[in-house]
Amino acid sequence: MYEFKTFFKYVIPSVLSFALSGVYAIVDGYFVGNSMGDIGLSAVNMAYPIVAVIQALGTGIGMGGAIYYSISRAEKKEERAREFTAGALWVLLAASILLTVSIFLLNSQLLRLLGAEGDMLSYGEEYIAVIALGAALQVIGTGLVPFIRNHGGSFYAMFSMIAGFVANIILDYLFVWVWEMGVAGAAWATVIGQGITMLAALAYLLYQKQFTLMIPLSKIGGVAAAVIKIGIAPFGLAMTPNISLIIINRFSMAYGGEQAIATYACIAYIICIIYLVLQGVGDGSQPLISQYYGEKDFCSLKKMRKLAYGFALFLASVGCIVMCITRGSLGAVFGASNSVNLEIAKIIPIFLVSVPFVAVVRVTTASFYAMEKSAYSYILTFIEPLLMLVLMLILPPLFGGQVMIWWSTVFARILSAFLALVLKQRADQRELCA
């Protein structure tokens, strides 16, 4: 009973926090789509991978530092734990400056690389210019949340996300609908909402006396390298749906055109929330897995991971049922045209096939980087988009164009799940209890 209570104490707030981070994108799509129609919805969807990079980078850096923080505390190395807190904060600051400058200067080039053109490019540039200016708020805000969670403040981390989310909704309504600021208004709402989350997270760390930038210069290089090494996997995991989005958009432009892009935009908004919820299960159990790993309590670690698998599969099933029931009205929620809405209802069942397999991959990957198994976590993080790219190059020309774009994503996720189970069994044979 204690294990169940401890597990859900960490995981439930994490799941809700990740769900809210996905709803940020839906809110922008909802207000812009109902204000500007398919072109506005498609522009925000096309630009969203850039936003996702910002948020995923913060998550990856924060998670890398927080994992070492938890393991160091479990090993009774308090000074080392504080060094990883400080080192991660310095990396977050450096990443904020780099992203702000690079995205602002390369705005147009990045959108063209993602396949934007014409009005879609123009609206995308307007959206991303604002996002770039607030990149620091998003990077630091998302980067501090894992530290709060690993310090035992899972519920506070959730409430800080809720505060930013509520602000985003209110500001989207005002900026996009009332003051008709278009896609720029949606971007300002997102940036300000993330800023509120960042301020709430800073307040918690300062109150708990966990905020520190003090680290010897001789150690900052090694600490930063360790943080980045672990952080690559959670960064990639957060980016996987968006890397998939980029690949799907590029191939869909060739086979299905703007209607196919608008169709997947609506599907992606919803199904990515399910994927983030599943990542919330993995990342929510991370503090406990890292703690047991640091204490060398591998039996408790294995039990906690089994709980994570079971809960993730349960949430995957619930998500599939909800999407299946509501598939006929999802497009209308975002202001999509009737033709796009009909296509969405037809396509959604294809994507739902892969959801349970995504649950397996997300929990397995999170358990690997929680135990410093970077190589395994890298493989599972980046194999899915690679498989997807290969399958899309082969299947659509041979077996049916756009429909095989959709099925290629499903096959890639199924293959990734089987690989995850193989790697998990190999790790168990080496280290965990029978």
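Is L133 buried or exposed? L133 is exposed, with a relative accessible area of 53%. The structure described here is a predicted model.

**Helix α5 and the residues at its end**

- Helix α5 comprises the 16 residues 118-133. At 1.5 Å a residue, such a helix should span 22 Å, and the end C-alpha atoms of α5 are 24 Å apart, which agrees.
- The buried residues of α5 are M120, L121, G124, Y127, I128, V130, I131 and A132.
- L133 also belongs to helix α5, but it is exposed, because its relative accessible area of 53% lies over the 50% cut-off.
- Apart from residues up to four places away in sequence, L133 touches F104 and W188.
- L133 is 204 residues away from S337 in sequence, and their C-alpha atoms are 32 Å apart in space.
- G134 is found in the loop between α5 and α6, the latter covering residues 135-150. With a relative accessible area of 4%, G134 is buried.
- Along the chain, G134 and Y309 are 175 residues apart, and a distance of 36 Å separates their C-alpha atoms.

- I61 lies in helix α2, which runs over residues 38-74. I61 counts as buried because its relative accessible area of 7% is under 20%.
- When neighbours within four places in sequence are left aside, I61 is in contact with A88, V91, L92, A95 and V227.
- I61 and I12 are separated by 49 residues in sequence and by 22 Å in space, C-alpha to C-alpha.
- Q286 is placed in helix α10, residues 257-295. Q286 is buried, and its relative accessible area is 0%.
- Not counting residues up to four places away in sequence, Q286 touches M63, A66, I67, S70, N150 and A370.

**Loop residues with positive phi**

- E180 is not a glycine, although it has a positive phi of about 50°. E180 lies in the loop between α7 (154-178) and α8 (182-207).
- The relative accessibility of E180 is 67%, and E180 therefore counts as exposed.
- K296 is likewise a residue other than glycine with a positive phi, here near 65°. K296 is located in the loop between α10 and α11, and α11 covers residues 298-326.
- K296 counts as exposed, at 52% relative accessibility.

**Cysteines and disulfides**

- A disulfide is a covalent bond between the sulfur atoms of two cysteines.
- How many disulfides does a search of the whole structure find? The search finds zero disulfides.
- For C320, the closest cysteine sulfur is that of C324, at 8.5 Å.
- C320 is buried, at 14% relative accessibility.
- C299 is partly exposed, with a relative accessible area of 38%.

**Cavities and the second largest cavity**

- Rolling a probe the size of a water molecule over the atoms shows where empty space is left.
- A search of the whole structure finds three cavities of 30 Å³ or more. The volume of the second largest cavity is about 60 Å³.
- Which residues line the second largest cavity? The lining consists of L237, T240, Y275, V358, V361, R362, L380, T381, E384 and R413.
- These lining residues divide into five nonpolar, two polar and three charged.
- Helices α9 (217-255), α14 (355-370) and α15 (374-399) each supply at least two residues of this lining.
- E384, one of the lining residues, has its place in helix α15. E384 is buried, with a relative accessible area of 7%.
- Leaving out residues up to four places away in sequence, E384 touches T240, S244, A412, R413 and S416. T240 and R413 are also among the residues that line the second largest cavity.

Conventions. Residues are numbered from 1 along each chain as its sequence is written. This is a predicted model: local features need pLDDT of at least 70, side-chain atom pairs count only at pLDDT 80 or more; totals for chains, interfaces and linings use all residues. Side-chain values use heavy atoms; hydrogens and water are left out. Helices (H or I, at least four residues) and strands (E, at least two) are DSSP runs, numbered from the N terminus. The expected span of a helix is 1.5 Å times one less than its number of residues. Buried means under 20% relative accessible area, exposed over 50%, partly exposed in between (1.4 Å probe, protein chains only). A disulfide is a pair of cysteine sulfur atoms within 2.5 Å. On a 1 Å grid over the protein atoms alone, a cavity is a set of points where a 1.4 Å probe fits but cannot get out, and a pocket is an open set with protein on both sides within 12 Å along at least five of seven lines; lining residues have an atom within 4 Å of a point. Grid points are joined across faces, edges and corners, and a volume is the space filled by probe spheres set on the points. Ala, Val, Leu, Ile, Met, Phe, Trp, Tyr, Cys and Pro count as nonpolar, Asp, Glu, Lys and Arg as charged, and the others, Gly among them, as polar. Contact means heavy atoms within 4.5 Å.
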